[in-house]
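Me: I'm new to this one and would like a quick tour. Can we go through it piece by piece?

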Amino acid sequence: MTSSAIARVADLQTALVHRLGAASVITDPTDQARYCRDWHGDVTSGAVAVLRPDSTQAVAEAVRACAELGLAVVPQGGNTGLVLGATPDDPQNQVVLTLERMNRVRSMDPGDFSAVVEAGCILQQIQEAAEDADMFLGLSLGAEGSCQIGGNISTNAGGINVLRYGMAREQVLGLEVVLPDGTILDALGTLRKDNRGIDIKQLFIGAEGILGVVTAVSLKLHPRPEQVETALLGVDSLHTAIALYRRARRDCCDLMTAFEFMPPSAFMLAREAIPSLTLPIAMDHPGYVLMELSGSGLVDMRALLDHFLENVMADELVRDGVVAASRAQAANLWKFREAMNEGQAQRGAHLRTDVSVSLSQLSSFVEQAETRLRAEFPDCLTLSYGHVGDGNVHINVIPPASADAVERDRVIHDAKDCINAVIDEFRGSISAEHGIGRLKRPEFEARISDPRRQLLTAIKRAIDPDGRLNPNCQIRSDA
């Protein structure tokens, strides 16, 4: 930076400290560092300051102060996103606003099956509070030990329980939001049915902070499952896995909580991350399904699962399998699903995708995408895995260890174009659950229809006419 730019930033920092208090403003670059990098550390940036308000009123005051100083605001939850939606990209003109100090559970109401929590609450913290009240929150993610509920709502997070409970959007009964001018929108009610016109809260779910800062959430809760049964099953192909899923939806009714597909390479990557993991079944099957049933009340979940597995094995949809005999064994099975992501990260920069097509086309889509990828990138490891039952699959491409940074960037760019071309042929989505952020904005803008673009731009301009909230996320600031 030039000397004048340095002096300007210093003046802005002084003004923010004077307005908001030293305890709520981080200006030291070293202390700012963890807020100015993405989760995987692929991108690092900076900011004029990191603001740490501890109440809704303090968030409102921070937003007003930034508007008066001409600063843009990048809202941030647990910073576990994968599309750069909470990473600043203009260090001299942006602040990061973290909700981490707003971490109180305001209420937990078993009689209403609802909870009101602040946006900075860690997802696992809410899950545990619900369990202590003999209730259950339907949202569960691999990053639940560090992600925050405000970020989950702002990105409309998915996760492993979507089949049963839906995306984050389906968990929301009400919101509290600070608007770009500092006005507080209080819509924290817990009504299940409220048909008083347009449901305004839906504007902010999945908006990634471009319309307002979510400060609190009213959540829908469920009876705590008293029985949870988990099985790891070997199958012949993704096509067979989808046929198995359809049977499970029919035979297990609405009691199926999760249905994850993994290729054999997933287990190899998981053991690279956690060598102590013990393989529960033979690793000579083309694919594997991690399936979970859960429920409470009078249904015998284990008997249901055993009967189901007996039938599908007789029909040769399942070749081999193991059913967890305890919670510890179930947790060990899930460790493979979680650790495979760590194993991928240990191999360096690689392509991570999050795409979806209709369930009836999923196996054909994956087959075509993998065929093209292996033809164009024969030295790379290509693996497809994901929730499958909702049409969501992650097709990732990992360059060989010998690839340097330039070659990795080329592979990531070209492989992404390859996958997106197949997605377009199948009329699918380039983002099933991770959002758009800054990373996927060019792809999003290239594919959006004119009517949708006009509506999104009109909404942004109406709510945030000065473009102060999370600029260049989802849509360009000059759009």
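**A surface spot, then inward**

Reply: Let's start with Leu-203, which is partly exposed because its relative accessible area is 31% (buried means under 20%, exposed over 50%, partly exposed in between, with a 1.4 Å probe and protein chains only). One caution: this is a predicted model, where local features need pLDDT of at least 70 and side-chain atom pairs count only at pLDDT 80 or more, while totals for chains, interfaces and linings use all residues. Residues are numbered from 1 along each chain as its sequence is written, and side-chain values use heavy atoms, leaving out hydrogens and water.

Me: Where does Leu-203 lie?

Reply: Leu-203 sits in the loop between strand S9 (184-187) and strand S10 (213-220). Helices (H or I, at least four residues) and strands (E, at least two) are DSSP runs, numbered from the N terminus.

Me: Which residues of H7 are buried?

Reply: Among them are Leu-238, Ile-242, Tyr-245 and Arg-247. The cover over the buried residues of H7 includes strand S12 (227-235), helix H9 (301-314) and helix H11 (362-376).

Me: And what caps the N-terminal end of H7?

Reply: Ser-237 does, with a side-chain oxygen 3.4 Å from the backbone nitrogen of His-239. Just after H7, Cys-253 takes a positive phi of about 55°.

Me: You mentioned H11. Is Thr-371 there buried or exposed?

Reply: Thr-371 lies in H11, and counts as exposed because its relative accessibility is 51%. The Thr-371 side chain reaches the backbone oxygen of Glu-367 at 2.7 Å.

Me: How far apart are Thr-371 and Asn-392?

Reply: They are 21 residues apart in sequence and 19 Å apart in space, C-alpha to C-alpha.

Me: New topic: Gln-76. Buried or exposed?

Reply: Gln-76 counts as buried, because its relative accessibility is 3%. Gln-76 is in strand S3 (residues 72-76).

Me: What does Gln-76 touch?

Reply: Not counting residues up to four places away in sequence, Gln-76 touches residues including Tyr-35, Val-96 and Gln-148. Contact means heavy atoms within 4.5 Å.

Me: Last one: which helix is Asn-152 found in?

Reply: Asn-152 is in helix H5 (residues 149-154), and counts as buried at 4% relative accessibility.

Terms used:
A polar contact is a pair of N or O atoms within 3.5 Å; within protein, one must be able to donate a hydrogen and the other to accept it, and residues adjacent in sequence count only if both atoms are side-chain atoms.
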